[in-house]
Amino acid sequence: MGRKEAREPRMAARLLEPGPVVLVTTQHRSQPNVMTAAWVMPLSLDPPRIGLAIHPSRFTHELLGKGEFFALNILTIEYLPAIHLCGTLSGRDLDKFARAELHAVDALEIDVPVIEEAVAQIECGLVGRLSLGDHDLFIGDVLAVAADAELFGERWLQLEDAPLAHHVGAEWYAALARVYRARLPGTEEEEAELQEESER
């Protein structure tokens, strides 16, 4: 895999379009934390905004209530044990970075660590919080985005060698491992592809 390169903040929505599980990093004073989250969504392209739903019992909820920034880190299925661990143990009780064998490094713009092993990161400044039932929606303005240049351009390019993890319930996950291009029926492009296939 290649190194992460800076992207425009509006590309945050494209990073999240496959709906991968993210590891949320937060920090209050000198205490960093990491938590797995699946309920993450783009809210706006202009300005670039992300929504993150967290239950009030979570330590990350407490840290976000005290801080101004958070980061969303996207990892591949290779790190599934770490991803699951960060969603089942509490940062109140232990250092999840150490337990999950993840490495915290400096972010591009915010004073919250990001995860070195991540193939992409979205750095956010907290601008609001809504109570919407049993979870609160934290709203972040995207301040910086970085992504692995071999895996992500204007979209996720190819995921066969490095599939993203998607949570499907409890300890079960799925991997998005292939990208397909849609063709509208009856277009010249689709007809040319069908002709190509029939000649094989």
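Predicted model: local features only at pLDDT ≥ 70, side-chain atom pairs only at ≥ 80, totals over all residues.
Once its neighbours within four places in sequence are set aside, the residues in contact with V40 are L16, V22, I50, G51, L52 and L72. G67, by comparison, stands 27 residues from V40 in sequence, and the C-alpha atoms of V40 and G67 lie 19 Å apart in space.

From this strand the reader can turn to the open space in the model. The largest pocket has a volume of about 540 Å³, and its lining is made up of 28 residues, among which M35, T36, A37, R58 and G87 lie nearest the pocket centre. Two or more lining residues come from each of the strands β3 (31–37) and β5 (48–54) and from each of the helices α2 (59–66) and α3 (80–88); of the contributing elements, α3 gives the most, with five residues. Sorted by class, the lining of the largest pocket comprises 13 nonpolar residues, 12 polar residues and three charged residues.

The last stop is an arrangement of rings. When the whole structure is searched for aromatic pairs, one is found, and it is formed by F152 and W156, whose ring centres are 5.2 Å apart and whose planes make an angle of 75°. The pair is classed as edge-to-face because the angle between the planes is over 60 degrees. Both partners, F152 and W156, are buried.

Terms used. Residues numbered from 1 in each chain as written. Heavy atoms only, no water. 1 Å grid on protein atoms, 1.4 Å probe; cavity = no way out; pocket = protein on both sides within 12 Å on 5 of 7 lines; lining within 4 Å. Points joined across faces, edges and corners; volume = space filled by probe spheres on them. Helix = DSSP H or I, 4+ residues; strand = E, 2+ residues; numbered from the N terminus. Nonpolar A, V, L, I, M, F, W, Y, C, P; charged D, E, K, R; others polar. Phe/Tyr/Trp six-rings, centres within 6.5 Å; stacked < 30°, edge-to-face > 60°. Buried < 20%, exposed > 50% of the residue type's maximum accessible area, 1.4 Å probe, protein only. Contact = heavy atoms within 4.5 Å.
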